[in-house]
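Here's a quick briefing to read alongside the model. Have the viewer open as you go.

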Amino acid sequence: MLKFINVLARSKSLILPLVLMFSMVLVAYSPMAAYTSAQTANSNKLKEMKEQATQELERRIDGYKKTLKSMETDVKISKETSSAKITSDKGEVSGTLTRLCANDEPSGDSSSPSPTPEASFKLGKEGLAGTIALPCTLKEKTKEFLQKVIEGLTGMVEKVKNTNSLTEMTALGQNINAQFDLNKLTEIQALVTQSIETMTGVLENMKSSYNKLKGQVAALKECMKGLKSGETEVTGNITLDGAEVNCGEFDLSSSDIAEKAQSQLSSLSTVITTISSVVSSSVSLMMSLVSSFTGMVGGLGSLGSLGNLGNLGSMLGGGGSGGMGGLSSLLGSTGSISGIMSSFTAITSQLDIANFMSGNVSGGLSSLGNLVNLGGLGL
Amino acid sequence: MEQTPTSSRRMLVIGIVAVVALIAVIAIVAVLLFGTTTQQETTTPPTSAAAGTSGSIATKEEVKENLSDLDITIKQAAKDQAAVKAAQKDGDNQIKVEL
């Protein structure tokens with residue numbers, strides 16, 4: 001071999017071919033180097049995208065599972081005390097409990113009328129009357145939607161894990177980004193449903209407490225009539241509307257207690273009725289929104305199969321918050337994602353007001369209870 | 001006038017049928033007037049709440065329990081609201097896949 005090279009080297013006429021050969025090698029090397037570099041970049045990009053996608057999917061799945069868990073808490077009415085109680089698997093209250101919800105179920109079809117809940121509590125002779133409650137199937141429906149989303153996202157985690165193509169991963173990435181607003185809307189719908197349900201329980205307890213205290217105030221007034229001049233106690237029981245009353249339970253020490261109590265009852269009934277009106281309007285709006293949402297996702301197929309829609313990004317007009325117009329025009333639906341989301345924000349604001357007022361009412365009822373009952377309630 | 005055995009039997013049957021029919025009518029009227037009202041089990045609580053349990057005036061303990069339940073439900077409502085608001089802000093935590 002060395003002899004051969006020596007012979008070649010000695011021959012000047014062979015220098016040019018040698019140089020040409022070397023140039024050819026160089027020319028061939030450049031694209032090969034570029035190709036290898038591109039392959040490495042693609043591989044890195046694929047890895048990065050897979051990591052981001054997996055993190056985001058797992059983050060969403062984890063959050064939505066926690067939301068579903070929180071929805072296991074129900075509001076139930078105790079038949080024995082007519083008091084609404086928060087129940088869950090761990091904290092189940094013993095006794096006869098019935099779930100606080102309305103029997104009518106929404107049609108799910110936005111063209112047919114939905115059952116209308118009562119507008120507000122009504123104040124009658126016996127106290128506040130009426131029930132504000134969500135339809136029994138509405139909460140189950142919103143939970144089901146969220147469960148489908150979780151199933152769909154879980155399926156996508158596997159897809160991401162198994163893909164080795166940058167093109168395929170890019171499509172998956174677009175889909176994941178595009179789904180975000182819709183996934184978030186599904187979760188918020190479930191959470192708002194839970195929030196409204198709890199508020200109906202608050203209302204039920206306010207109504208029940210008010211009516212019981214109203215009865216006590218009526219009994220106190222009756223007991224006052226039996227007081228002799230200068231006395232603060234009535235011996236024995238009296239009868240009021242067929243019920244026996246132990247006057248010893250009430251504070252008869254001052255003649256104006258009954259008047260003060262009546263005045264407080266009057267103020268409280270107004271506030272409670274207002275709160276019931278706010279919650280009732282939230283219930284109505286919620287029913288309408290779930291109906292719109294059902295129609296909207298119906299056009300996309302199942303919420304659990306969104307990951308199979310390779311063109312979801314383009315369906316939503318490029319994904320993310322800028323895509324609602326595309327979806328609306330595709331489905332011909334008036335309920336775009338942003339529109340429904342705004343409505344949920346409005347409900348949340350209404351419930352904030354109701355919650356705030358409830359705190360004040362609770363204080364007012366406790367104060368009234370302490371005023372009427374001898375020795376106070378101890379709360 | 002002499003009655004034949006056939007006509008006597010016929011009269012007897014008519015009499016028995018009439019008595020049975022009368023008893024049936026009386027029973028139907030009695031059921032309509034005094035029959036029991038069946039309580040339908042629904043998941044909606046009664047629309048008008050009594051002043052206390054079993055129509056009697058509520059005791060201090062009953063009022064206290066109701067107010068305690070009210071407090072618990074108000075606190076739960078506040079937690080639920082906080083969860084909604086946290087979800088509304090979830091966009092801040094989104095990890096976008098860089099395409």
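Predicted model: local features only at pLDDT ≥ 70, side-chain atom pairs only at ≥ 80, totals over all residues.

Residues are numbered from 1 along each chain as its sequence is written, chains are lettered from A in the order in which they are written, and side-chain values use heavy atoms, with hydrogens and water left out.

**Where chain A meets chain B**

- Chain A puts 83 residues into the contact and chain B puts in 49 (contact means heavy atoms within 4.5 Å).
- Together the two chains bury about 5,300 Å², with 58% of that on carbon and sulfur atoms (this is accessible area, 1.4 Å probe, that two parts lose on being put together, summed over both).
- There are four salt bridges between chain A and chain B (a side-chain nitrogen of Lys or Arg within 4 Å of a carboxyl oxygen of Asp or Glu).
- One salt bridge pairs K85(A) with E65(B), and the closest N and O atoms sit 3.0 Å apart.
- Several elements of chain A supply at least two residues each to the side that touches chain B, among them α2 (15-70), α4 (166-225) and α8 (337-372) (helices are DSSP runs of H or I, at least four residues, and strands are runs of E, at least two, numbered from the N terminus).
- The biggest giver on that side of chain A is α4(A), with 29 residues.

**Disulfides**

- Over all chains the structure has two disulfides (cysteine sulfur atoms within 2.5 Å).
- C101(A) and C136(A) are bonded with their sulfurs 2.1 Å apart, and the link is right-handed, at 80° about the S-S bond.
- That pair joins the loop between β3 and β4 to helix α3, 35 residues apart.
- C223(A) bonds to C247(A), S to S 2.0 Å, and this disulfide is left-handed because its S-S torsion is about -85°.
- C223(A) is in helix α4 and C247(A) in the loop between β7 and α5 (257-298), so the bond ties together parts 24 residues apart in sequence.
- C223(A) is buried at 0% relative accessibility (buried means under 20%, exposed over 50%, partly exposed in between, with a 1.4 Å probe and protein chains only).

- S120(A) lies in the loop between β3 (97-99) and β4 (122-124), and is buried at 13%.
- Beyond neighbours within four places in sequence, S120(A) touches I132(A), T273(A), S276(A) and S277(A).
- K141(A), in helix α3 (residues 136-162), is partly exposed at 23%.
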